[in-house]
Amino acid sequence: MIEEILNKEKKQYYLILTILTILMLGIILISVTLGKADITISESFKIIFKKIFNKNIEIAANKEAIIWDIRMPRIISGLIIGAGLAVAGTIFQAILRNPLADPYTIGVSTGAAFGAVLTIYINIVYSLFLPIVPVAFIFSIITLFVIVKIAGFNQTLHSSRLILAGIIISSTLSAAIGLLKSMAGEDVSAMIFWLMGNLAAKSWTQVLILFPTITIAIILAKHFANDLDILTLGIHEAKNIGVDSEKLVKFYLVIGAFITAVCVSISGIIGFVGLVIPHLVRMSFTSKHKYLIPISALVGAIVLSLADNITRLMFVVEIPVGVLTTLIGGPFFIYIYLNKSSGENV
Amino acid sequence: MIVIKDLSFSYDGNKPLFENLNIKIPKGKFITIIGPNGCGKSTLLRLISKELKYNSGDIIISEKKLSDIKSLELAQKLAFSRQKTSENLSFTCLDYVLLGRRPYKEQFEDFNKNDLKIVEKNLKITDSISFINKNLNQISGGEFQRISFAKILTQNTPLILLDESFSAMDINYKVLSLKILKEKVKEGKTILCVMHDINLAYKYSDHIIMLKEGKVYNYGKPDSILNTSSIKEVFEIEVEKIEKKGFL
């Protein structure tokens, strides 16, 4: 009887995984086709086919450039960042044992934002062209160390202490960002644009950074997923069944923070994907992390790339995708929450 | 089975709860700790389960010092059902009980047929099979205690620590659980249990430890140590003994 329940769950998981994968491939194909240039689906298919399998197919060079060099990296970046944020959110909700946690809760993202804004400021003032991404990344990693130091790495890492440290650092850095913004005067728009989070103008270079790092991090997270289940029960319960939770919390903290740091450095702060997607999957399917992580990753990828399509195609002026995800995600989440959670805690 | 030797413990900066506490807990017995609120019953279980660190003295489980026992090894020796369980992100009852098999699994090993058989058996004897698909936060306190009890049984350890593990169960399930535990004692397991119900303690325990302000007030067979004067001394309440039946 129990075996049947577990098997049924497993079958369901593979079914959902397959459907989502097909859906994602379809979205890639449609997304690269849609846009101002007049290209058909079969043409985009041919171009992708040609590039991936290195075949010789006659196709207009400008169309090829639009599909492969402009749209494709942006769409792939969106997919990876969506997946990364959703997985990071899942991890933080589990290790902080707080349903309100997301990739930005412990302030790593604010560190990245500060790094980026600082770089933009220096570039403006000294007319330099320092790259934003590495500085943002370095600052987010520094922030992680500071937060963990405050929370007490050598003692038991209590989730409340981590959250508190995160909030303190976040607000301090936010104030610093505010200061830089006010000092930037008329040039503030570049900073604001970065802070709002967007996927515009991504190239294959960014994909090359994103793909290996985020993929490895997600695979690692999935690998130890059974332990993540146990962490949600708290340190003591975990100990009672022989799991060294302190080490695990640290491991997952680093993985989650690393994913967040990479994503935020490249795309800015894209809200809500990391908060809503894990909840959505948890409420509608399962809370077992070995299933939750891959499915959240796929749903996150799909949702973010859909959102990016909307911002790219539906408005005269492109709006940042971060604004859209939060704008739609917020009310949507409230709707789901009110419908599903009557009488139960999420 | 468990030897507590000169144990001292205090919560950060507070005055010591235990000072030079000595208790010997024999193997294969059902032992109940009773005592007023705040006398250290739960703390004692948390110290034995290694959740709290003691200041001095020693706890020795099957001739091994607690500090020398790794957490996985301890999980195969000792199962602890705690009083307070934290709020969970949604965990189904079945998955929770399955965790009882976890100490016997390698990192990536999946549960096999035998594990599932053990889980199913324990869900049946605790009569909790009807709600295994529900989430832990959807069931009542009593139902949760039955699930938690099933998990402890699934862990199948020689030593079982229970902290108020039946407090929210109705009388039927309380008695059912205690009878299951009695069976386990016959198989050679040792039960160390904190209970507030003096009558159930009286009826089911082999030995009773009466704790008062961090000290063992009395330790022995229920008949010899539970009487109106000892209850008055420890709990500060007058009770009347109804011969062979219990206390009111």
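Colleague: Which residues touch the most other members in the largest nonpolar core?

Modeller: Those are A:Ala83 and A:Val87, in a core of 157 residues. Keep in mind that this is a predicted model.

Colleague: And which element gives the largest share of this core?

Modeller: That is H3(A), which supplies 16 residues.

Colleague: Let's stay with A:Val87. Leaving aside its neighbours within four places in sequence, what is A:Val87 in contact with?

Modeller: The list has A:Ile218, A:Ala221, A:Ile259, A:Ile293, A:Ser296 and A:Ala297.

Colleague: Okay, new topic: how many residues of each chain are in contact with the other chain?

Modeller: On chain A there are 23 residues in contact with 27 residues of chain B.

Colleague: Which elements give two or more residues to the chain A side?

Modeller: Three helices of chain A do: helix H1 (2-33), helix H3 (61-95) and helix H10 (235-240). H10(A) gives the most, with four residues.

Colleague: Nice. How do the residues on that side divide into nonpolar, polar and charged?

Modeller: The side of chain A that touches chain B has eight nonpolar, eight polar and seven charged residues.

Colleague: Now chain B. What does its secondary structure come to?

Modeller: Chain B has nine helices and 12 strands. One open sheet there has four strands in the order E2-E1-E4-E5, with antiparallel pairing.

Colleague: Which strands stand at the edges of that sheet, and why is one side of each left without a neighbour?

Modeller: Strand E2 (18-25) and strand E5 (64-65) of chain B are the edge strands. Each has a single partner strand, so one side of each has no neighbour in the sheet.

Colleague: Over how many bridges do E4(B) and E5(B) pair?

Modeller: Strand E4 (residues 56-61) of chain B and E5(B) pair over two bridges, in the antiparallel sense. In E5(B), B:Lys64 is the bridge partner of B:Ile61.

Colleague: Last bit, the overall shape. What radius of gyration does chain B have, and what would a compact globule have?

Modeller: Chain B has 18 Å, and a compact globule with 248 residues would have a radius of gyration near 18 Å, so the two agree. Along the principal axes, the C-alpha atoms of chain B fill a box of roughly 50 × 40 × 35 Å.

Colleague: And what percentage of chain B counts as buried?

Modeller: Of its 248 residues, 40% count as buried. Also, among the contacts in chain B with a separation of 6 or more, 66% come from residues 24 or more positions apart.

Technical notes:
Residues numbered from 1 in each chain as written. Chains lettered and ligands numbered in written order. Predicted model: local features only at pLDDT ≥ 70, side-chain atom pairs only at ≥ 80, totals over all residues. Rg over C-alpha atoms; globule rule 2.2 N^0.38 Å. Buried ≥ 20, exposed ≤ 12 C-beta atoms within 10 Å, placed from the backbone. Contact = placed C-beta atoms within 7 Å. Nonpolar A, V, L, I, M, F, W, Y, C, P; charged D, E, K, R; others polar. Core = buried A, V, L, I, M, F, W, Y, C linked by C-beta atoms within 7 Å. Pairing = 2+ DSSP bridges.
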